[in-house]
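I wanted to look through one protein model and write down what I found.

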Amino acid sequence: MVWNLLRKNISAGQMAGYAVATLVGLAIVVGALQFYRDISSSWSGDSDDALVPNDFIVISKPVPAMATFGFSSANVSFTDDEIAELSAQPWVARVGRFTASDFSVFASLQMAGRGMSTSLFFESVPDGYLDKLPEGWSFDPDSPDIPIILSKDYLSLYNFGFAASRGLPQLNDKIITRIPLAITLSGNGHTATYVGHVVGFSNRLNTIAVPQDFMDYARGIYSATPQAPAPSRLIVEVTTPGATEVTDYLEACGYEVAGDKVNSSRVARFFTVVTAIVVAVGAVIACLAVFILMLSIFLLLQKNKDTLRDLMLLGYSPAQVARRYYVLVALINGAVLVAAIGLLVWASEQWQGALSETGMQATSLWPSILVATAVMAVITVVNGLTIRRMMRRYFIS
């Protein structure tokens, strides 16, 4: 009987407007979050297949023009003070040093009855800066087999540039890992030949990398200087990719960035900013929807003011009357949540077809569903507290 009295002044249009506005806002928020998770799971990471690999940049100093002719003594190595200043920047997570071989490296191989040989160079970086640690990435002085990580760019240059113009056989990346290399090291009055194997390829490091343990071992024998030279290249992990302070600092210091890592990081930054804007728009719409509901309830209680006073005189408490409005709001919010989850599932199926063509994998919908549930729970609690406050005010007045 109480509900029959209270529902007479309920506007179905206002309730429908609140439901639609809340549904639109909630669907935008959870849809944007899910799309961001699906994209970010594939654009970042240590995998070579990532759309935008982890935010590592390799920096160096420019070589002076006069140094080409031996007229400049400018040092292109990084000093400890420069590295410390770079490490202190707020957008730097860590800085790794390249250690270059300061001894002679000569490699040769035999394949299909033909021999090839060339001078090489080796560099090493701490293992934590590699794309991934391949199997066999270790060095034992008692069994000196040298594992090598080769830049994929170097293999492409050989296959499609050097080998094609010289009539040499092209090398498949899987075949080359099975071909042993004769590596001759010389320096400091010592010469020795080792067996080397290419154990992996890197998109991040544009170099010929060997384990740091091997570099330290080889320098102890073939280097004329026991102390490692100052690094001429650094690898930096950036916490805010694409940020203007990164490029501004590098330009101010005159440092050069290898490849297009800064541009790739800007892509990731762009996606993040766009997602944040979309989520903010959805949140604003949801907040406006809540305001619409509060206004509707206020008007509804205003219209039922006389009825509420009569119920108070009959002995009904504010909680007993408010319970009917709690049920109404809960039913509407529950229906909105179910509809938003349905839209999320449908939208995810639509964009997954396009993303799968680029090699991206879908992530679980459950985190987004939990976010939607939490948002609607908060909205429902806020609605309930507002109804309770208004109801007490009308009963007291």
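**Ground rules.** I am reading a predicted model, in which local features need pLDDT of at least 70 and side-chain atom pairs count only at pLDDT 80 or more, while totals for chains, interfaces and linings use all residues. I number residues from 1 along each chain as its sequence is written, and side-chain values use heavy atoms, with hydrogens and water left out.

**Whole chain.** I looked up the elements and found 11 helices and 12 strands. Helices (H or I, at least four residues) and strands (E, at least two) are DSSP runs, numbered from the N terminus. Of the 397 residues, 39% are buried. I take buried as under 20% relative accessible area, exposed as over 50%, and partly exposed as in between (1.4 Å probe, protein chains only).

**Cores.** I then looked for nonpolar cores, meaning sets of buried Ala, Val, Leu, Ile, Met, Phe, Trp, Tyr and Cys residues joined through side-chain atoms within 4.5 Å. The largest has 29 residues, and Phe 122, Ile 148, Ile 183, Leu 185 and Phe 214 have the most contacts inside it. Which helix gives the most to this core? It is H6, with 4 residues. Apart from this core lies another, of 15 residues, among them Phe 78 and Val 236. As a background note, nonpolar side chains in soluble globular proteins tend to be buried together.

**Helix H6.** Phe 214 touches Phe 122, Phe 139, Ile 146 and Leu 185, leaving aside residues up to four places away in sequence; contact means heavy atoms within 4.5 Å. The buried residues of H6 are Gln 212, Phe 214, Met 215, Ala 218, Arg 219 and Tyr 222. Seen down the axis, they fall within an arc of 150°, so they line one face of the helix. The arc is that of the directions from the helix axis to the C-beta atoms. On the other side of H6, I found Asp 213 and Gly 220 exposed.

**Helix H7.** Val 246, Thr 247, Tyr 249 and Leu 250 are buried. Their arc is only 160° around the axis, which puts them on the same side of H7. Thr 244, Glu 251 and Ala 252, on the other side, are exposed. Gly 254 follows H7 and has a positive phi, near 75°.

**Salt bridges.** My rule is a side-chain nitrogen of Lys or Arg within 4 Å of a carboxyl oxygen of Asp or Glu. By this rule I get 5 salt bridges. One of them joins Asp 102 and Arg 219, with the closest N and O atoms 3.0 Å apart. Asp 102 is in the loop between E3 and E4 and Arg 219 is in H6, so the pair ties together parts 117 residues apart in sequence. Is Arg 219 buried or exposed? Arg 219 is buried, at 6% relative accessible area, whereas Asp 102 is partly exposed, at 34%. Another joins Glu 82 and Lys 61, at 2.8 Å between the closest N and O atoms.

**Surface patch.** Phe 270, Val 274 and Val 278 make a nonpolar surface patch of about 240 Å². Patches are made of residues with over 30% relative accessible area and no salt bridge; like charges are joined within 9 Å, nonpolar side chains (Val, Leu, Ile, Met, Phe, Trp, Tyr) within 5 Å. Areas come from the Shrake-Rupley method with a 1.4 Å probe; for residues, only the protein chains shown count as cover. Phe 270 sits in helix H8 (residues 261–303) and counts as exposed because its relative accessibility is 53%.
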